[in-house]
Each structure stands twice: as structure tokens, then as C-alpha cells.
Amino acid sequence: MPEMTISFLGTGSGTSTNSAHTAIVYDCDDGTRLLVDASSGNSVARAGFELGIPVESIDTVLLSHHHFDHMSGLVYVQQARAQARPDAPPLDVYLTEECLKWTNQLCSCNPSIGEANQDGVTNVAGRQVVRWHVVEPGQEISLGPTTTAVCFPADHIASAVGWRVDSDGMGVVFSADTRFNPELIKASQGARLLIHEAFRTDEEKEHAAGRGHSTSGDAGRSADQAGVGELILTHLDTGFSREPQPLIDDAKKHFSGPIRAVRDLDQVDISSP
Ligand SMILES: [Zn+2]
Ligand SMILES: [Zn+2]
């Protein structure tokens, strides 16, 4: 029976004042560890320390888009990793062409970086510390003995993508930031778990869509239409991190499977028959 542990290092929206920005670790059955989005600042290192996931143990990162609450922490992940493991191979980062432009600009602002180009990032000592892998939606990538990933377009900013990871036949989908997204429903068919952003309830649908985000009702509708086994709500704004029940109730109107909203440092074990 395949199993996976999912650790939520950051669960706050970009404007959250009480939660870290988005970062999730998947520990797959075949030993593959993936960081999905890199939060901001040193959140990955700090939350990882609390949960027994040393930042230097991360070798593979999947990025959804270039908003700073999802990717600016990458600089600290690579820096802490390179310091703790000076002989480690470069950090492998999977991202779109557009996201690469921005991450390279960000890395170029770091005085410990010598060069950031299309292939990767080299530090001032001449050592390659990051290897970029540009991906297109629909392109399957192999990440471990039984683990693959594929990205799909999100409806947020240009080139934003969500990610489906399959490990030993068990699918986990991360929506990324998105409005209600038919592409996500297609990509999530039969997944064991959908991790979906929820910015507001359906009462504020226009406001959420205007900001490029989903409601919890959208998340519930997507989970139902994709036929997933379970729904987790994340990327929560300050008020809903404190009191997520209205989001859960809103999603429940559309999806009859298990639903929960996560906070920083929550860990969820999933398995599949
Ligand atoms: Zn965001
Ligand atoms: Zn965003």
C-alpha cells in the first residue's frame, strides 16, 4: 500500500500576517523528498527544523509561479543547503521559463552568487549550487524510482502552474494559486488528495477571482468534479487561519469526502489501497 507524509511548512496567503508563506514537503514511499514551493525568507529552514526535515536534506524543488510568497525562500534554501553540504550536487529546481527569469533575477541580488543563467546558479567560489529544469505543462518528469510529476496551467498570473505528483500509483495534486480551474480538474482525475488554495468563501467569489484566487466553494467543486479522495485547504488569509470552519463548511456543500484546513507545521499521512 503506497504511503506519503505531507508536511505543511507554510500555509498562509501572500498577505497573511499569522502564517508562513506556501511551502509543502512530500515524503514519498520510495524515499523521494520533494519541496513544493519555497515560501519566503527562512521559513523552510525554520519549519523544517521543527518537523525534523533539515533544509539541507532537500534535493528537489517544484515551483508553481514567481510571486514572492512562493519562490523567494529558494535563495535561503540553497544557501543553507550549500553551507551544510558543501559537496552536495546542485539543488534541482523544476519551474517554467517565465518563473526562471524571475528566480534568476532574485539570485543575482545575492552577493554570495557569482552567476545565475539558463542552466543554473553558481556561487562566488565557482561551485554550481542550483540546476534549473524548465518544464512545460503536460511534460512528465521522473523524480524517483516510482515518483513522477507533471504540471498543468493555473489561472492566476501568466505561466503559473499547479503540480500533480504520482508516487507508486498514488496521486497528489497541488492547485497553486488559481481561480476556479478546469485544467486542474482534468489533471486531478482520480487523485488520492487535492491540496487546494482557498482565499475566501463563495460569499466573496468576485473578490477572490479579482485577486486571481479561488473560494473554498471552488475547491470543493474541483474536488467533486475530479473525484479525488480527500481535500485539504491551504494558502489561507489571516482570519481564516484562525477560524477555518467557514471555509470547510463552504467546501462541504460541494464535496462529500474528507476536508480539512491546514496550519503551519501540520503533517498529514496518506495511503492508498
Ligand atoms: Zn500566493
Ligand atoms: Zn500568486
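Me: Which residue stands opposite Tyr 26 in E3?
Reply: The model is a predicted one. Strand E2 (residues 23-28) and strand E3 (residues 33-38) pair in the antiparallel sense over five bridges. Within this pairing, the residue opposite Tyr 26 is Leu 34.

Me: Which strands does helix H1 touch where it packs on the sheet?
Reply: Helix H1 covers residues 43-51, and its direction makes about 130 degrees with that of E1. Its contacts on the sheet are with strand E1 (3-10), E2, E3 and E16.

Me: What angle does the direction of helix H4 make with that of E6?
Reply: Helix H4 (residues 97-108) also packs on the sheet. The strands touched by H4 are strand E5 (91-95), E6, strand E7 (120-123) and strand E8 (128-134). Between the directions of H4 and E6 the angle is about 160 degrees.

Me: Which strands stand at the edges of the open sheet of nine strands?
Reply: The order in this sheet is E6-E7-E8-E5-E4-E3-E2-E1-E16, and the pairing is mixed. A strand at the edge has a single partner strand, so one side of it is left without a neighbour in the sheet. The two edge strands are E6 (113-116) and E16 (267-271).

Me: How many residues lie between E9 and E10 in their hairpin?
Reply: E9 and strand E10 (residues 147-153) pair in the antiparallel sense over three bridges. In E10, Thr 148 is the bridge partner of Ser 142. The number of residues between the two strands of the hairpin is two.

Me: In what sense do E13 and E14 pair, parallel or antiparallel?
Reply: Strand E13 comprises residues 193-197 and strand E14 residues 231-234, with four bridges between them. Ile 195 stands opposite Ile 232 in E14. The sense of the E13 and E14 pairing is parallel.

Me: Why is helix H7 largely enclosed by the rest of the structure, and which elements are included in what covers its buried residues?
Reply: Eight of the eleven residues of H7 (residues 216-226) are buried, so the helix is largely enclosed. Among them are Asp 218, Ala 219, Gly 220 and Ala 223. Gly 227, with a positive phi near 65 degrees, follows H7. The covering elements include helix H5 (182-187), E13, E14 and H9.

Me: Which residues have the most contacts inside the largest nonpolar core?
Reply: The core has 83 residues. Leaving aside its neighbours within four places in sequence, Leu 231 is in contact with residues including Leu 194, Ala 219, Ala 223, Phe 255 and Ile 259. The residues with the most contacts inside the core are Ile 24, Tyr 26, Val 61, Leu 231 and Leu 233.

Me: What radius of gyration does the chain have?
Reply: The C-alpha trace spans about 55 × 40 × 35 Å along its principal axes. Buried residues make up 53% of the 273 residues. A compact globule with 273 residues would have a radius of gyration near 19 Å, and the value for the chain agrees with this: 17 Å.

Notes
Residues numbered from 1 in each chain as written. Chains lettered and ligands numbered in written order. Predicted model: local features only at pLDDT ≥ 70, side-chain atom pairs only at ≥ 80, totals over all residues. Rg over C-alpha atoms; globule rule 2.2 N^0.38 Å. Buried ≥ 20, exposed ≤ 12 C-beta atoms within 10 Å, placed from the backbone. Pairing = 2+ DSSP bridges. Core = buried A, V, L, I, M, F, W, Y, C linked by C-beta atoms within 7 Å. Contact = placed C-beta atoms within 7 Å. Axes fitted to C-alpha atoms, helices over the stretch in contact; angles between N-to-C directions.
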